[in-house]
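Subject: Structure handover

Hello,

The structure we discussed is below, with the sequence. My notes on it follow.

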Amino acid sequence: DQASPFPASVILKLISKIAGTNFILFRILIFAFIAICATPLMMKLKQLYGLNGLLLFLLICAASVYNVLVYATEIKHYGIETAGVFIFLYWFLIYLEDPDKAFALRRLWVPLLGIAMGFSTLLLVPAFFLFVLVDSVFQLENKRPVSLKSKPGRYAVGFGLMALETGVLYM
């Protein structure tokens, strides 16, 4: 059996203290935790893109609904890993908006927490750096950064989020 990452163990211990022996409540609390962790991502997408951002969020959720529902019903750390992916995706949007702001010391805890919440979330790191490489090449060719409001920028956001979401699909 796989051991839980430390942050996931702490969260699961807290949930078990609240739920006690009520396994249904335990599962509901894991699902609620995932939803809470997904909320900043939804709000950031809405802030950047309005209704289209909410639709993109629904697409991301649809891509991972099977895993979220399965992992939220297991009394293991996999649901916590799914929450970590949503946290990392939120930080990824901050990166797309302003890389300097994303790597500011006061924000670096966000991706680190997302990655630390599970072993499978480590898959996000190579996907992120692959996206940064592709984005850098694209910016070099155009000699200017791509605006998140432009059509290529919106496609980049969609592509980037879907590439990172692959981490969830292969947990």
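**Packing of H2 and H4**

H2 and H4 are roughly parallel to each other, because angles under 35 degrees count as roughly parallel, over 145 as roughly antiparallel, 65 to 115 as roughly perpendicular and the rest as oblique. Their axes cross at roughly 15 degrees and come within 8 Å. Axes here are lines fitted to C-alpha atoms, for helices over the stretch in contact, with angles running from 0 to 180 degrees between N-to-C directions. The crossing is left-handed, meaning that the near helix is turned anticlockwise from the far one by less than a right angle. Residues making the contact (heavy atoms within 4.5 Å) include Ile-34, Leu-41 and Leu-45 of H2 and Phe-86, Leu-89 and Tyr-90 of H4.

This is a predicted model, in which local features need pLDDT of at least 70 and side-chain atom pairs count only at pLDDT 80 or more, while totals for chains, interfaces and linings use all residues. Residues are numbered from 1 along each chain as its sequence is written, and side-chain values use heavy atoms, with hydrogens and water left out.

**Overall**

The protein has eight helices and zero strands; helices (H or I, at least four residues) and strands (E, at least two) are DSSP runs, numbered from the N terminus. Of its 171 residues, 40% count as buried (under 20% relative accessible area; exposed is over 50%, partly exposed in between; 1.4 Å probe, protein chains only). Among contacts with a separation of 6 or more, 72% join residues 24 or more positions apart.

**Core**

The largest nonpolar core has 38 residues, and Leu-41, Leu-45, Tyr-95 and Phe-128 touch the most other members. Such a core is a set of buried Ala, Val, Leu, Ile, Met, Phe, Trp, Tyr and Cys residues joined through side-chain atoms within 4.5 Å. Helices H1 (6–19), H2 (23–49), H3, H4, H6 (109–116) and H7 (124–142) each give two or more residues to this core, and H4 gives the most, with 13. Leaving aside residues up to four places away in sequence, Leu-41 touches Phe-57, Phe-86, Leu-89, Tyr-90 and Leu-93.

**His-77**

His-77 lies in the loop between H3 (51–72) and H4 (78–97). Is His-77 buried or exposed? His-77 is buried, because its relative accessible area is 1%. Its C-alpha atom is separated by 7.8 Å from that of Pro-5, 72 residues apart along the chain.

Regards
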